[in-house]
Amino acid sequence: MSKKILILSASPRKGGNSDLLCDQFAKGAQEAGHTVEKIRVQERSIAPCLACYGCRGTGVCVQKDDMAGILDKMVQADVLVLATPVYFYSMDGQLKTLIDRTLPRYTEIADKEVYLIATAAAGKGAMERTIDAMRGFTDCLPGAQVKGVIYGCGVYQKGEVMDTQAFRQAYQAGKQA
């Protein structure tokens, strides 16, 4: 059965290591017959949450930027892929801002299969806080199931991830999604 897969690539570098893992996931998923859309978060206009609660009761954020469209796609997707480089032991600001802005409709992002991707110059142990934070978001989504975590360890320079096991794992995860 074909699934709608939404990949949210929070890498600020197009073709950066986490972005390349997203491409590999997409390649595997497309070969498996799924519909895939990748959004490069850096290329979208997403302002930080104002915590004004103007969305309470309406499900609509008071800010007019690209987030409403992304949120629609998140609600409609069967599978979500969240990908980030690790900055100071956490996800980058682009992904965190996107997550915070799901507030108006996060309870509608229900029953999703979720894959988490992180890349870092350090090893897996240094990435656990990032993965924990991403899992914290998925814990708030009704019925969400984390189906896989891909750790792109020991990569710093753009493209280094292509010579790692994570590169192959991302492709396989996409095929199995």
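**View 1. Packing of helix α1 against helix α5 in the predicted model****.** Helix α1 (residues 17-31) packs with helix α5 (residues 165-176) at an angle of about 35 degrees, and their axes lie 6 Å apart. The crossing of these two helices is right-handed. From α1, the contact is made by L20, L21, Q24, F25, K27, G28, A29 and E31. From α5, the contributing residues are A166, F167, A170, Y171, A173, G174 and K175. Two packed helices are described by the angle between their axes and the distance between the axes.

**View 2. Parallel pairing of strands β1 and β2****.** Six bridges connect strand β1 (residues 4-9) with strand β2 (residues 35-40) in the parallel sense. Within this pairing, L6 stands opposite E37 of β2. The chain passes from β1 to β2 by way of α1, and this β-α-β crossover is right-handed.

**View 3. Parallel pairing of strands β5 and β6****.** Strand β5 (residues 113-119) is joined to strand β6 (residues 145-152) by seven bridges, and the strands run parallel. T119 stands opposite G152, a residue of β6. Between β5 and β6 the chain crosses through helix α4 (residues 128-139), giving a β-α-β crossover that is right-handed.

**View 4. Arginine side chains over tyrosine rings****.** R56 lies over the face of Y53, at 4.7 Å from the ring centre. In a further case, R129 is placed over the face of Y89, at 4.8 Å from the centre of that ring.

Note on methods:
Residues are numbered from 1 along each chain as its sequence is written. This is a predicted model: local features need pLDDT of at least 70, side-chain atom pairs count only at pLDDT 80 or more; totals for chains, interfaces and linings use all residues. Side-chain values use heavy atoms; hydrogens and water are left out. Two strands pair if DSSP finds at least two bridges between them. Helices (H or I, at least four residues) and strands (E, at least two) are DSSP runs, numbered from the N terminus. A crossover is right-handed if, with the strands pointing away from the viewer, the path from the first strand over the helix to the second runs clockwise. A charge sits over a ring if NZ of Lys or CZ of Arg is within 6 Å of the ring centre and within 35 degrees of the ring normal. Axes are lines fitted to C-alpha atoms, for helices over the stretch in contact, and angles run from 0 to 180 degrees between N-to-C directions. A crossing is left-handed if the near helix is turned anticlockwise from the far one by less than a right angle, and right-handed if clockwise. Contact means heavy atoms within 4.5 Å.
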